[in-house]
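Biologist: Please take a close look at the annotated active site. I would like its surroundings described residue by residue.

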Amino acid sequence: MKAAGTTILGFGHAVPDRRVTSAEIERDLGLEAGWIERRTGVRERRWAGPDETLTDLAAAAGERALAASGLDRADVALLLLATSTPDRLLPPSGPLVAHKLGLPRAGAIDMAGACAGFVYALTLADAHVRAHGRPALVIAANLLSRRINFAERGGAALFADAAGAVLLGPTDDARSGVIGQALASDGSGYQLVSIAAGGSERPFAAGMPIEDTRMAISNGGALFAGAVHLMTECSRDAMADAHVATEAIDRFVPHQANSRIFAAVGRKLGLADGVMVSTVADYGNSSAATIPLSLSLSHHAKPIARGEMLLLAAAGAGLTGGAAVYRT
């Protein structure tokens, strides 16, 4: 291995300018005032304008992370883009983001891990940096507003657009980086969150209902229970892998799926309220982007210090889940 550990060289995030309040959605859907916030914790979210693209938003977040690091862009060896809403089904969007960022020597690929995509990408980037001794940029970004079926109030209440980025670099400190991880899946929940059409199972066809190209949640209760279970168990396993007690966690940065979901996970883990990082009220649920967005916002509010212990956890469509303990 060419690096004993990894360190975070820079954080970045980007969100569209357009703010959409829950009151606005409640009026459009005929819901009583306060219905959305009571059930999800979301007061407002950001939605992209018609001329904004996923790669534009991802590149803006990556630009901030690179600028914060002061790193020579030629040194970046890998870009991993966690997204469920690429610009096109083909080609992947990662190479275009790398091009927009001026990364002349970086490999680039998309990762379709849904809400857990950032956790998976971070663990893979950490291993790549350790193996090769060169920096890796992890970006998670989504434009979920373009996949909302407004006939389903659950999705309309939650989904948002955002991007977040973390730049990892090598360090000689073996105690830094991902020191514990647990990745899991439960394919029995494959149909709980899905877009029915557009894949090879059911290709686009003339006369296809537009609703079939939008996200659908088939069983909200089962999704809630599955997400809580996966996030809780993966978090416990990651902390055990890191030989870290709950009391040692400085910041818990969960996927911002729904405030009731991550609050339940926090209670089950016995985490103190003060360590929870929550951004769902102002930014909604942007799937894989919520964790790096929250990390960047939390860092700007109170800089993450050397030696802090971060617990990251997510679960979503697939069902796919994971958790990582990162020592800064």
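**The annotated active site**

Modeller: At 5% relative accessibility, Asn 285 is buried (buried means under 20% relative accessible area, exposed over 50%, partly exposed in between, with a 1.4 Å probe and protein chains only). This is a predicted model, where local features need pLDDT of at least 70, side-chain atom pairs count only at pLDDT 80 or more, and totals for chains, interfaces and linings use all residues. Residues are numbered from 1 along each chain as its sequence is written, and side-chain values use heavy atoms, with hydrogens and water left out.

Asn 285 sits in the loop between α9 (280-283) and α10 (290-301). Helices (H or I, at least four residues) and strands (E, at least two) are DSSP runs, numbered from the N terminus. Leaving out residues up to four places away in sequence, Asn 285 touches Leu 144, Leu 158, Phe 159, Ala 160, His 255, Gln 256, Ala 257 and Thr 290. Contact means heavy atoms within 4.5 Å.

The unreviewed UniProt entry lists Cys 115, His 255 and Asn 285 as "active site". They are spread over 171 residues of sequence, yet they cluster in space, with a largest C-alpha distance of 9.2 Å. UniProt positions follow the numbering used here, feature names are shortened, and annotations may be inferred rather than shown by experiment.

Now His 255. The loop between β11 (251-254) and α8 (259-269) holds His 255. His 255 is buried, with a relative accessible area of 0%. Beyond four places in sequence, its contacts include Cys 115, Asn 285, Met 231 and Phe 262.
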